[in-house]
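My notes follow in the order I looked things up.

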Amino acid sequence: MKRRTFLKSAALGVAAAATISAPAVAQSAPEIKWRLASSFPKTLDTIFGAAEVISKRVADATDGKFQIRVFAGGEIVPGLQVLDAVQQGTVEMGHTASYYYVGKDATFAFDTAIPFGLNARQQSAWMHHGGGLALMRELFKTYNVIQFPAGNTGAQMGGWFRKEINSVADLTGLKFRIGGFAGKVLTKLGVVPQQLAGGDIYPALEKGTIDAAEWVGPYDDERLGLNKIAKHYYYPGWWEGGPQLSCYVNLDQWATLPKSYQAILEAACAEANTWMVAKYDAQNMPALRRLVADGAVLKPFSKEIMEACYAAALELYGETAAANANFKKVYEAWKPFRDDANLWFRVSENTFDNFVLARSAQKG
Ligand code: CA
């Protein structure tokens, strides 16, 4: 009898413990519905698609409890105002290129790319193991945002021009759609830069509001149809050697997430970061073949233009660092990292690439 009583009490104890612990379990996996504003149009399934990768992974890893609904640029937030929307809490999250916000602070460019800066591998190295993420988060914190690297395009193309651009003189007065900090470099050489969201480029080029436009590379540019209006396709996009896309989360909203959801979201962004560059690397060459077959004229920028742009970029960095303490702080930390990364890549990657890429261009 005593034993039965004990067993009964023990069972009751278990039941009571289960009752008490149930709310704690529910709280650790709450149902959450967030909205994410992307800067990009849905048709661009790689740069826009990265946000969908994040959304799907987060939903799958939480048994559908943490839902992130992705909106294309312009649907609920204009493509170039994602930072403002996340800062103000209009949406909980965003997916964008931080260099769109250089008008607020030029330092944002380091979160994406600065002209003649890092390639995709080096950008990841700087962010995750070179102090970049911590430095950038100091800046984002002042905007009530935490950001995660969430995509990269790899080195971009130089864009589509109606007429040939052979010399620096050919740049004078050119109305060129170009993203980020690079517009300021080109202003020094007479270009009239225009920053337009991805979905607005084709109409502007078609109407003649702009003379030339760069976006990303063959796969995206074909989807935007830029080759249908301007046939001269220049390379490389020296302003974007490895531009990173970022996922923004409003800091107040971030604080409301259980630790497990924070970890899942962070991991999903890391997945998107490699997913995007892999997809571009796989899709760009077939797209470039189609573009050339369709009449695109492929040309490298002349050495004169490259050298003039390089000199203008260095001048701009000096001027910006002198005028902006945030920029100076990040630039002075970034530069020695860049120098070392370049030295290492010269020894290893560049030697490998130069030999193998030259060899693969030969028959047999
Ligand atoms: Ca671009």
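**Starting from the β-α-β unit**

I began with strand 1, helix 2 (residues 49–61) and strand 2, which together make a right-handed β-α-β unit. I keep in mind throughout that this is a predicted model.

I checked how strand 1 (residues 32–38) sits. 5 of its 7 residues are buried, so the strand is largely enclosed by the rest of the structure.

Next I looked up its pairing. Strand 1 runs parallel to strand 2 (residues 66–71), and 6 bridges join the two. One pair I noted here is Ile32 with Phe66 of strand 2.

Strand 1 also pairs with strand 3 (residues 93–96), again in the parallel sense, over 3 bridges. On that side I traced Leu36 to its bridge partner Met93 in strand 3.

**Helix 2**

I then went to the helix of the unit. Helix 2 has 13 residues, and its first and last C-alpha atoms are 18 Å apart, close to the 18 Å expected at 1.5 Å a residue.

Which residues of helix 2 are buried? I found Gly49, Ala50, Ala51, Val53, Ile54, Ser55, Val58 and Ala59. For the pattern I recalled that an α-helix has 3.6 residues a turn, so residues three or four places apart point the same way.

What covers these buried residues of helix 2? The cover includes strand 1, strand 2 and strand 3, along with strand 4 (145–152), strand 10 (244–250) and helix 10.

Asp63 follows helix 2 and has a positive phi, near 50 degrees.

**The core**

I turned to the largest nonpolar core, which has 109 residues; Trp215 and Leu265 touch the most other members. Helix 10 (residues 259–293) gives the most to this core, with 11 residues. I also checked where the core's residues come from: at least three are drawn from each of domain 1 and domain 2.

**Two domains**

The protein chain divides into domain 1 (30–154 + 242–281) and domain 2 (159–239 + 284–334). I looked up the spacing, and their C-alpha centres lie 23 Å apart. How many residues of domain 1 are in contact with domain 2? I get 32 residues of domain 1 in contact with 34 residues of domain 2.

**A stop at Val168**

I picked Val168, which lies in the loop between strand 5 (159–161) and strand 6 (175–177). Buried or exposed, I wondered about Val168? Its relative accessible area is 19%, and buried means under 20%, so Val168 counts as buried.

I left aside neighbours within four places in sequence and listed what Val168 is in contact with: Leu189, Glu304, Ile305 and Ala308. I also looked up Val168 against Ile114, 54 residues apart along the chain, and their C-alpha atoms are separated by 21 Å.

**Whole chain**

Last, I zoomed out. The protein chain has 13 helices and 11 strands. Its C-alpha atoms fill a box of roughly 100 × 45 × 45 Å along the principal axes. Of its 364 residues, 49% count as buried.

I finished with the contacts. Among those between residues at least 6 apart in sequence, 78% join residues at least 24 apart.

Methods. Residues are numbered from 1 along each chain as its sequence is written. This is a predicted model: local features need pLDDT of at least 70, side-chain atom pairs count only at pLDDT 80 or more; totals for chains, interfaces and linings use all residues. Side-chain values use heavy atoms; hydrogens and water are left out. Buried means under 20% relative accessible area, exposed over 50%, partly exposed in between (1.4 Å probe, protein chains only). Helices (H or I, at least four residues) and strands (E, at least two) are DSSP runs, numbered from the N terminus. Two strands pair if DSSP finds at least two bridges between them. A crossover is right-handed if, with the strands pointing away from the viewer, the path from the first strand over the helix to the second runs clockwise. A nonpolar core is a set of buried Ala, Val, Leu, Ile, Met, Phe, Trp, Tyr and Cys residues joined through side-chain atoms within 4.5 Å. Domain bounds come from an automatic or database domain assignment. The expected span of a helix is 1.5 Å times one less than its number of residues. Contact means heavy atoms within 4.5 Å.
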